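Please keep the sequence and the structure in view while reading.

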Amino acid sequence: MSFFDGFPVMEADTLTALKKAIDGGFRAFTREFGATVEDFFLPLRSFLIFVERLLVTTPWPVVLLVIAGLVYLASRSLRLVAGAVVALMAIGYFGMWEDTMRTLAMIVVATLMSVAIGIPLGILMAWSARARAVLLPVLDVMQTMPSFVYLIPVVMLLGIGKVPGLIAVVIYAAPPIIRLTNLGIRLVDKDVLEAADAFGASAWQKLGKVQLPLALPTIMAGINQTIMAALSMVVVASMIGVQGLGQPVLKAIANQYFTLGVFNGFAIVGIAIIFDRTSQAFGRRLQKHREAEHA
Amino acid sequence: MPESRTSIEIRNVYKLFGPYPDRFIEAVRDSGMNKAELLERHNHVLGLSNVSLDIEAGHIQVIMGLSGSGKSTLIRHINRLIEPTAGEVIVGGTDVRALSPSELRAFRRTSAAMVFQKFALLPHRTVLGNVVFGLEIRGVPREAQMETARRWIDRVGLAGFEDKYPSQLSGGMQQRVGLARALANDAPILLMDEAFSALDPLIRLDMQAILLDLQAEVRKTVVFITHDLDEALKIGDRVAIMQDGELVQQGRPEDIVLSPATAYVEDFVRHVNRGRVVKLSALARPESGAPAALRLPAALPLADAALRLVEARLSFADVTDGNGAVVGRVDLDDVVRTLARSTGETAGSNGPPARLAG
Ligand SMILES: Nc1ncnc2c1ncn2[C@@H]1O[C@H](COP(=O)(O)OP(=O)(O)OP(=O)(O)O)[C@@H](O)[C@H]1O
Ligand SMILES: [Mg+2]
C-alpha cells in the first residue's frame with residue numbers, strides 16, 4: 001500500500017550518513033592536498049595576473065590599436081575593424097574600460113587553456129575508441145551540470161579568487177573545442193587518408209600534414225564556441241571573486257540597478273560579437289581552398 | 001632494399017568484405033561459393049576469389065573487368081592498403097603480409113607509388129604541395145623536393161598551375177596532379193588505378209606516351225587498371241581480366257584477343273581492331289622450303305602485314321625478329337582469316353589461332 005503512496009526512499013539516517021561521509025572525505029582531501037593543488041595552479045595564476053595587468057595598465061589607445069590590428073589580421077575586413085573600434089570606444093566612454101579589460105584577460109587565458117587541453121584531448125578521442133567512450137560522458141556532464149554545482153568543490157579546494165573562477169570557466173568552455181577537434185579529424189576524407197597511407201606516412205605525419213590542416217576549419221568553429229561559452233560564464237565566475245564585467249552585474253541584481261546591469265550586459269554582448277565575427281571570418285579564410293574558382 | 005626491378009607475385013589471394021571474413025573463407029575456398037551466394041547467404045562481399053597473378057619485373061600488367069569485379073581491391077593488396085583474408089602477396093621476394101608497421105611504411109615510401117581512381121589529392125595543398133607530398137614523407141631535402149616536383153608537373157603538362165588548389169582544377173588536371181605525385185616518388189613499382197580515366201583523348205594519348213617513354217628509360221613494374229581495351233592493348237605487356245572477384249583470363253594482349261577464354265572475355269574483346277592489336281609473330285609458323293621473297297618484322301600489326309603482302313602480290317612472307325633473323329613464316333590466308341574471323345569461333349580454345357583455323 002505505502003509502496004504506491006510515495007517513492008521508496010533510502011532511510012533518512014543512511015542518506016545523511018552517506019552525504020556526511022562523502023563531504024567528510026572531500027574535506028579531508030582538501031585539508032591534505034589543498035595547498036599542493038594551489039601550488040600547482042600558481043603559474044596559471046601568475047599568467048592570468050600578467051595578462052590582466054598588461055591589458056589594464058597599457059594606455060587605452062595602444063590596446064585599442066592592437067585589438068584593431070588583430071581583428072584586421074584575422075578577418076581582413078575593415079568593416080569589422082570599424083565595428084570593433086566603435087564598440088570598444090562606447091564601452092570606454094560609459095566607464096567600463098577597466099572591467100572590460102579584466103574580462104578580456106580572463107577570456108583570453110581561459111580560451112588558451114581550453115585550446116591547450118582541448119586539442120590534444122580531441123585528437124586522442126579521434127584516435128582511440130576507448131578514449132572516446134570515456135570522454136564523451138565526461139563532456140556531457142561538463143556541459144550540462146549546473147555550474148554552481150562544480151563551483152562548490154572548486155571553491156572548497158581553492159577558495160575564492162581568480163584561479164577557481166578560471167577553472168570553472170574552462171570546465172564549461174573546453175568541451176566544444178574537444179568535441180569539434182574530434183569531429184573535424186573524423187570527418188577528414190577517407191580517400192585522402194588512404195593516399196597518405198599509400199605514401200607511407202606515419203601517424204604523426206598524417207596528423208600534421210593531413211588531419212589537422214583539414215580539420216582546422218572545424219577546430220576554429222570549436223574555438224569560436226569555446227570563446228562564447230567562456231563569455232557566458234563571466235557573471236558566474238564573478239560570484240567567486242573574478243573581477244570584470246560580471247561583478248557590476250551581480251551588484252545590479254542585488255540592488256536592482258537596472259541601467260548598471262544593462263550597460264555591463266551590453267559590454268559583454270559587444271565583446272562577444274567582436275570575438276565571434278572575427279573568429280568566424282578567420283575560419284572562413286582558412287577554407288579559401290574549398291572555393292572552386294576555375295582558372 | 002628492393003632493387004629497381006621488382007616482381008610481384010600474387011598467390012591464391014582471397015578477400016572477403018564484412019565483419020567476419022574468417023568465418024566464411026572456408027565456404028568460399030573449399031566449397032567454391034561464388035560472389036552472389038556469399039552475399040545472399042552470409043551478407044559478405046567477395047572482393048577477390050583465388051586470384052593468382054605473376055607480374056614480371058619491368059613489365060606493364062593491365063587489369064580489366066567490369067565495375068565491381070575487384071580491380072581496385074586487387075591493386076590495393078600490392079601495397080597492403082587492404083589485407084588479404086587468405087593468400088600471399090610477394091613483392092620483390094618479400095611477403096608483404098609479414099612486414100612490420102615500420103617496414104610497411106618504408107616499403108610504401110620507397111617501393112610503390114600509387115595513382116588513385118578518385119585522385120585523393122590533398123585539398124588544402126596547392127598542385128606543388130601535392131606533388132611534393134611523397135618526397136616530404138620520405139624526408140627528401142626541400143630543395144630536391146621542389147626540383148623533382150616541378151619537373152614532373154611540367155612533364156604532365158601542368159606548368160603554370162603550381163600554385164592552384166585542386167578545387168580550382170578540372171577533373172583531368174586533378175588526375176594529372178595525382179600522376180605527377182606518384183611519378184615524383186620514382187618508386188620501382190607504379191600502381192595506377194584508372195589513372196587516365198578522367199583525361200580527354202588527346203591528353204590521354206600524351207600520358208600514355210609519357211608512361212611508355214618512362215618505361216623505355218627505367219622499366220618500372222607497372223600495374224595499370226583501365227576500362228579501355230585499346231589502351232590496355234597498347235600499353236600492356238600482359239593483360240588480366242577479372243569477373244566477380246575472379247581472374248578469368250591472363251596473358252599477352254593478342255592471346256586474349258585471339259582466344260578469349262569465356263563469353264565474358266569475348267564480350268570485352270569483341271570490338272577490338274585485331275588488325276592493329278595482333279602482331280605478325282602470333283601467326284608465324286615454322287618456316288619450310290626456300291626463303292620467301294618478302295621479309296616482315298615480327299612486331300608488325302596484321303593489318304599492315306596484309307597490306308604489304310597484297311601490294312607485293314605474294315601469298316607468304318618470312319617473319320624476322322629484331323635482329324633481322326628469320327624466325328618463321330606467315331601465309332596471307334592465315335592473316336586474312338584471322339582478320340576476318342569473328343571471335344566466337346575460338347571461344348574456349350587456348351592454342352594458337354592460326355593453327356586451329358587452318
Ligand atoms: N571496403 C569495402 N567494404 C565492402 N565491400 C567492398 C569494399 N571495397 C570494395 N568492396 C566490394 O568489392 C567489390 C570489388 O570492388 P572494387 O572497388 O575492387 O571494384 P573495381 O573493379 O575497382 O570497380 P570499378 O571499376 O567500379 O572501380 C565490389 O563488389 C565492392 O562492393
Ligand atoms: Mg576501382
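A residue is called buried when its relative accessible area is under 20%, exposed when it is over 50%, and partly exposed in between, with a 1.4 Å probe and protein chains only. On that scale, Phe258(A) counts as exposed at 66% relative accessibility. The model is predicted, so local features need pLDDT of at least 70 and side-chain atom pairs count only at pLDDT 80 or more, while totals for chains, interfaces and linings use all residues, and side-chain values use heavy atoms, with hydrogens and water left out. Residues are numbered from 1 along each chain as its sequence is written, chains are lettered from A, and ligands are numbered from 1, both in the order in which they are written.

**Chain A**

- Chain A has 14 helices and 0 strands, where helices (H or I, at least four residues) and strands (E, at least two) are DSSP runs numbered from the N terminus.
- Along its principal axes, the C-alpha trace of chain A spans about 80 × 55 × 45 Å, and of its 295 residues 43% are buried.
- Phe258(A) belongs to helix α14 (residues 258–286) of chain A, and its C-alpha atom is separated by 33 Å from that of Pro176(A), a residue 82 positions away along the chain.
- Val141(A) is in helix α7 (residues 129–144) of chain A and counts as partly exposed at 44% relative accessibility; its C-alpha atom and that of Ile171(A), 30 residues apart along the chain, are separated by 9.9 Å.
- Asn182(A), in helix α9 (residues 162–186) of chain A, counts as buried at 9% relative accessibility, and a C-alpha separation of 8.8 Å lies between Asn182(A) and Ala215(A), which are 33 residues apart along the chain.

**Chain B**

- Chain B has 16 helices and 13 strands. Its radius of gyration, taken over C-alpha atoms, is 23 Å, close to the 21 Å that the globule rule (2.2 Å times the number of residues to the power 0.38) gives for 358 residues, so chain B is as compact as a globular protein of that length.
- The C-alpha atoms of chain B fill a box of roughly 65 × 55 × 35 Å along the principal axes, and 54% of the 358 residues of chain B count as buried.
- Arg219(B), although not a glycine, has a positive phi of about 50 degrees; Arg219(B) sits in the loop between α9 (201–218) and β8 (221–225) of chain B and is partly exposed, with a relative accessible area of 30%.
- Asp244(B) is another residue other than glycine with a positive phi, here near 45 degrees; Asp244(B) is placed in the loop between β9 (238–243) and β10 (246–251) of chain B and counts as partly exposed at 42% relative accessibility.

**The magnesium ion (ligand 2)**

- Ser72(B), through OG, and Gln117(B), through OE1, coordinate the magnesium ion at 1.9 to 2.3 Å. Ser72(B) lies in helix α3 (residues 71–78) of chain B and Gln117(B) in the loop between β6 (112–115) and α5 (127–131) of chain B, so the pair ties together parts that are 45 residues apart in sequence.
- Donors are N, O and S atoms within 2.8 Å of the metal (3.2 Å for Na, K and Ca), and because water is not among the atoms, sites may look incomplete.
- Gln117(B) is partly exposed, with a relative accessible area of 33%.

**Ligand 1**

- Ligand 1 is surrounded by 14 residues, of which the closest are Ser67(B), Lys71(B), Ser72(B), Thr73(B) and Gln117(B); a residue is near a molecule or strand if one of its heavy atoms lies within 4 Å of it.
- By class, the shell around ligand 1 has 3 nonpolar, 8 polar and 3 charged residues, where Ala, Val, Leu, Ile, Met, Phe, Trp, Tyr, Cys and Pro count as nonpolar, Asp, Glu, Lys and Arg as charged, and the others, Gly among them, as polar.
- α3(B) gives the most to the shell around ligand 1, with 3 residues.
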